[in-house]
Amino acid sequence: MIPANAPILTAEQMVDAEQAVFASGVSQDELMERAGEAVARETARFAMGRPILILAGPGNNGGDAYVAARLLQREGLDVSVVATGAPKAGAAERMQALWHGATTSLYAARPRPVLVDGLFGTGLMRPLERGLAAVFADLCAQAEFTLSIDVPSGLDSDTGADLGAPAGIDVTLALGALKPGHLLDAGLERCGRILLADIGIDSDTGWRTAGRPQLVTPHAHSHKYSRGLVVVIEGAMPGAARLSALAAMTAGSGYVVLAGEKPWQGGPDALVRRAFGTSTDLAEFLEWDRIDAVVLGPGLGRDGNADGYLRAAFAAEKPLILDGDALSLLGTNAASWLQSRQAPTWLTPHSGEFDRMFGFDGSKIERTLAAARATGATIVHKGADTVMASPKGAVRVLAGGSSWLSTAGTGDVLAGVLAAQVAQGSKGVQAAEAAAWLHGRAARLAGPAFYADDMIKHISEAVGECL
Ligand SMILES: NC(=O)C1=CN([C@@H]2O[C@H](COP(=O)(O)OP(=O)(O)OC[C@H]3O[C@@H](n4cnc5c(N)ncnc54)[C@H](O)[C@@H]3O)[C@@H](O)[C@H]2O)[C@@H](O)CC1
Ligand SMILES: [K+]
């Protein structure tokens with residue numbers, strides 16, 4: 001479980017936020033005391049009287065651990081500390097000096113039912129030393145409950161890369177803000193349930209986890225056009241475009257058109273079909289001023305026709321959602337294609353497509369932001385850790401959704417849900433966030449082993465939860 005609408009800060013941003021707190025008159029010791037209090041409170045709640053082993057590392061994460069040890073012992077709990085190395089000068093050293101209970105070295109440590117991991121937090125700079133990682137993993141495996149302070153030790157807090165973190169952590173108590181590492185890459189599987197402790201720092205950087213959107217019911221005088229008109233362009237593999245079109249219908253659009261050379265005639269009668277002969281005909285149709293959003297890419301194919309459709313879609317200057325094969329056609333030229341566009345664009349690549357299009361370095365958040373800045377488009381970088389970023393720097397992350405989403409066609413459904421949000425007037429990263437949330441919720445409602453068509457039936461129920 002991951003908190004919704006929670007701020008996300010990198011290690012560097014955490015240091016800046018900490019400096020701002022110090023500048024407001026709060027001492028380093030007081031901030032560490034707040035962090036340690038939160039750790040002690042959550043640990044006591046889960047420990048329910050069982051003996052506790054606290055691992056304290058050399059940095060401020062260890063400092064938090066010493067505070068928690070002192071407070072838990074004061075509560076009458078049976079606490080033992082494992083100290084790994086001398087604490088660094090400052091608050092961590094002072095907190096260690098205030099701890100007067102049982103202390104052992106890592107290699108003399110005996111497992112206890114409750115384990116608190118205060119080895120390393122945002123300051124981890126390299127992989128855990130092998131012996132330490134093995135002992136830590138063993139203590140974790142033998143504990144009945146493990147809580148990590150701020151970040152599981154052995155996880156890169158900025159990227160989620162695995163630097164030796166054990167499996168089996170039950171709760172991670174994030175201090176002040178979530179870190180990218182809680183949500184990305186290996187972090188998704190290593191943190192257990194994530195809780196967020198408020199320690200009084202200002203954590204608004206424009207990056208946060210996705211939350212349930214606030215949608216609106218149609219007005220009394222709403223009509224099919226005012227509710228948003230979506231055009232989905234059909235290509236070589238028409239099933240994918242159909243999934244997008246049906247998803248756009250159930251996500252609240254007033255009018256959905258499936259446009260193709262010979263558009264599919266099965267399915268609901270409410271779906272409007274529009275046949276076109278050539279890409280020139282398509283370009284003319286896309287000039288229609290009623291159109292609010294165009295979806296291109298699901299099942300498009302990559303032949304000469306597809307290229308013509310892409311050019312027609314770009315020429316129309318309508319809000320455009322590009323997915324699948326449209327992204328492959330743009331390839332490494334996406335930035336030059338998109339920079340000249342005036343109308344807004346959303347790109348919805350999965351990681352394979354993203355990596356083929358863009359060569360950026362850094363965490364998934366940093367790479368997605370770089371792509372948004374380079375193209376001027378809102379990027380929905382899909383995956384178990386979906387990262388959405390706008391050119392102006394807003395970031396939303398939706399992580400930990402149904403793993404049953406890993407099936408063909410679910411991306412086409414997302415493109416349709418996104419088009420419905422755009423057509424109804426939602427903008428930029430807000431439209432992406434709403435679409436990703438609705439899509440994730442529909443998948444949850446579909447239960448296990450569903451296929452893409454199934455989840456479409458649950459989109460309107462998900463919409464109903466947002467009114
Ligand atoms: N910045 C903030 O706003 C706050 C931070 N706090 C705590 O401070 C933590 C960050 O503290 P620090 O920056 O001191 O960093 P850490 O406590 O994560 O550890 C840094 C220390 O570990 C060493 N180190 C790094 N990687 C190592 C490795 N693989 N093997 C062995 N040694 C290694 C470093 O040389 C340094 O001495 C946070 O995670 C959080 O727990 C809290 O006390 C309160 C507020
Ligand atoms: K930790």
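**Sheets, helices and a listed site**

Author: Strand E1 (residues 52-56) and strand E2 (residues 79-83) pair in the parallel sense over 5 bridges. This is a predicted model, in which local features need pLDDT of at least 70, side-chain atom pairs count only at pLDDT 80 or more, and totals for chains, interfaces and linings use all residues. Residues are numbered from 1 along each chain as its sequence is written, while chains are lettered from A and ligands numbered from 1 in the order in which they are written.

Reader: What counts as a strand, and when do two pair?

Author: Helices (H or I, at least four residues) and strands (E, at least two) are DSSP runs, numbered from the N terminus. Two strands pair if DSSP finds at least two bridges between them.

Reader: Which residue in E2 does Ile 54 stand opposite?

Author: Ile 54 stands opposite Val 81 in E2.

Reader: What order do the strands of that sheet come in?

Author: The order is E3-E2-E1-E4-E5-E6-E7, an open sheet of 7 strands with parallel pairing. Strand E3 (102-104) and strand E7 (193-197) are at the edges with a single partner strand each, so one side of each has no neighbour in the sheet.

Reader: Which helix packs on the sheet?

Author: Helix H3 (residues 60-74) does, touching E1, E2, strand E4 (114-118) and strand E5 (145-149). The direction of H3 makes about 155 degrees with that of E1. Contact here means C-beta atoms, placed from the backbone, within 7 Å. Axes are lines fitted to C-alpha atoms, for helices over the stretch in contact, and angles run from 0 to 180 degrees between N-to-C directions.

Reader: New topic. Which residues does UniProt list under "binding site"?

Author: The unreviewed UniProt entry lists Lys 382, Gly 383, Ala 384, Asp 385, Thr 386 and Gly 411. They span 30 residues in sequence, yet no two of their C-alpha atoms are more than 13.9 Å apart, so they gather at one spot. UniProt positions use the numbering used here, feature names are shortened, and annotations may be inferred rather than shown by experiment.

Reader: Is Asp 385 buried or exposed?

Author: Asp 385 is buried, with 22 other C-beta atoms within 10 Å. The cut-offs are 20 or more for buried, 12 or fewer for exposed, and partly exposed in between, with C-beta atoms placed from the backbone.

Reader: And Thr 386, buried or exposed?

Author: Thr 386 counts as buried, with 27 C-beta neighbours inside 10 Å. Thr 386 lies in strand E16, and Asp 385 has its place in that strand too (residues 385-389).

Reader: What does E16 pair with?

Author: E16 is joined by 5 bridges to strand E17 (residues 395-399), and the two run antiparallel. Thr 386 stands opposite Leu 398 in E17.

Reader: How many strands are in that sheet?

Author: There are 10, in the order E8-E17-E16-E15-E14-E13-E12-E9-E10-E11, with mixed pairing in an open sheet.

Reader: Last topic, H15 and H16. At what angle do they pack?

Author: H15 and helix H16 (residues 428-446) pack at about 135 degrees, with their axes 8 Å apart. They are therefore oblique to each other. Angles under 35 degrees count as roughly parallel, over 145 as roughly antiparallel, 65 to 115 as roughly perpendicular and the rest as oblique.

Reader: Which residues meet there?

Author: Among them, Val 413, Leu 414 and Val 417 are on the H15 side, and Ala 431, Ala 432 and Leu 438 are on the H16 side.

Technical notes: Contact = placed C-beta atoms within 7 Å.
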